[in-house]
Amino acid sequence: DQQVKQNSPSLSVQEGRISILNCDYTNSMFDYFLWYKKYPAEGPTFLISISSIKDKNEDGRFTVFLNKSAKHLSLHIVPSQPGDSAVYFCAASAEVGGGADGLTFGKGTHLIIQP
Amino acid sequence: DTGVSQNPRHKITKRGQNVTFRCDPISEHNRLYWYRQTLGQGPEFLTYFQNEAQLEKSRLLSDRFSAERPKGSFSTLEIQRTEQGDSAMYLCASSLETSVEETQYFGPGTRLLVL
């Protein structure tokens, strides 16, 4: 069973507009959530994280929103730039940093920024 | 900060051969993780070291997989008697244990192809 779900395999957004990537989780023990960005042939690059005591975290163009009651989080990128085209992974853990259970990842959403 | 490094970047082997991958974490990081990623999937957690102690190895995919982290520095992941199903990207990540926010930083991965 998939504990972290990214239901959109791909998303196409025009340059300059807002990109919204969604993620749902089923494990109520998850307390810490992260977004990673991945280019082909490279490892995932950390973008932004949020702990369950917050409902929003912002870092430059990236904002993550967490709705604990709905077990849903989203990543907003504003404005979207061509370099944002990549696969975005949502990840979760019950312990800060991952710990003995590591991070549980979704399948990813391929974001395509169109000029 | 040189980041997490992994060697080799690519490995092609024949079925039945043994392979070993190396991961060098960020120097001050005491936690080290191994993940496997197959096509169309997110990274899948395999095992975890805190310093030199392997605190979680039950997720290793079979007894053909083993990992070590001598002296709490670099780590190796060995796959014995490789099978075609072992073809995947093997990712290493490291983090510094903190009580507040802790982030796993990934290496570029080793892509394994078993013929």
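**Charges, shape and strands in chains A and B**

Student: How many positive and negative side chains does chain B have?
Tutor: Chain B carries 14 positive and 14 negative side chains, and the centres of the two sets are 9 Å apart. Here Lys and Arg count as positive and Asp and Glu as negative, while His and the chain ends are not counted, and each charge is placed at NZ of Lys, CZ of Arg, CG of Asp or CD of Glu.

Student: What should I know about the model itself?
Tutor: This is a predicted model, in which local features need pLDDT of at least 70, side-chain atom pairs count only at pLDDT 80 or more, and totals for chains, interfaces and linings use all residues. Residues are numbered from 1 along each chain as its sequence is written, chains are lettered from A and ligands numbered from 1 in the order in which they are written, and side-chain values use heavy atoms, leaving out hydrogens and water.

Student: OK, how many helices and strands are in chain B?
Tutor: Chain B has zero helices and eleven strands, where helices (H or I, at least four residues) and strands (E, at least two) are DSSP runs numbered from the N terminus. The radius of gyration of chain B, taken over C-alpha atoms, is 14 Å, close to the 13 Å from the globule rule for 115 residues, so chain B is as compact as a globular protein of that length. That rule is 2.2 Å times the number of residues to the power 0.38.

Student: Which strands of chain B form a hairpin with two residues between them?
Tutor: Those are strand 5 and strand 6 of chain B, and B:Asn51 in the turn has a positive phi of about 60°. Three bridges join these antiparallel strands, and B:Phe49 stands opposite B:Gln54. Two strands pair if DSSP finds at least two bridges between them.

Student: Switching to chain A, what is the strand order in the open sheet?
Tutor: The five strands have the order 1-3-8-7-6, with antiparallel pairing. Strand 1 (4-5) and strand 6 (56-59) of chain A stand at the edges with a single partner strand each, so one side of each has no neighbour in the sheet. Two bridges join strand 1 to strand 3 of chain A, and A:Val4 has A:Tyr25 as its bridge partner in strand 3.

Student: And A:Ser51, is that buried or exposed?
Tutor: A:Ser51 counts as buried at 16% relative accessibility, since buried means under 20% relative accessible area, exposed over 50%, and partly exposed in between (1.4 Å probe, protein chains only).

Student: What does A:Ser51 touch?
Tutor: Not counting residues up to four places away in sequence, A:Ser51 touches A:Asp31, A:Tyr32 and A:Leu66, with contact meaning heavy atoms within 4.5 Å.
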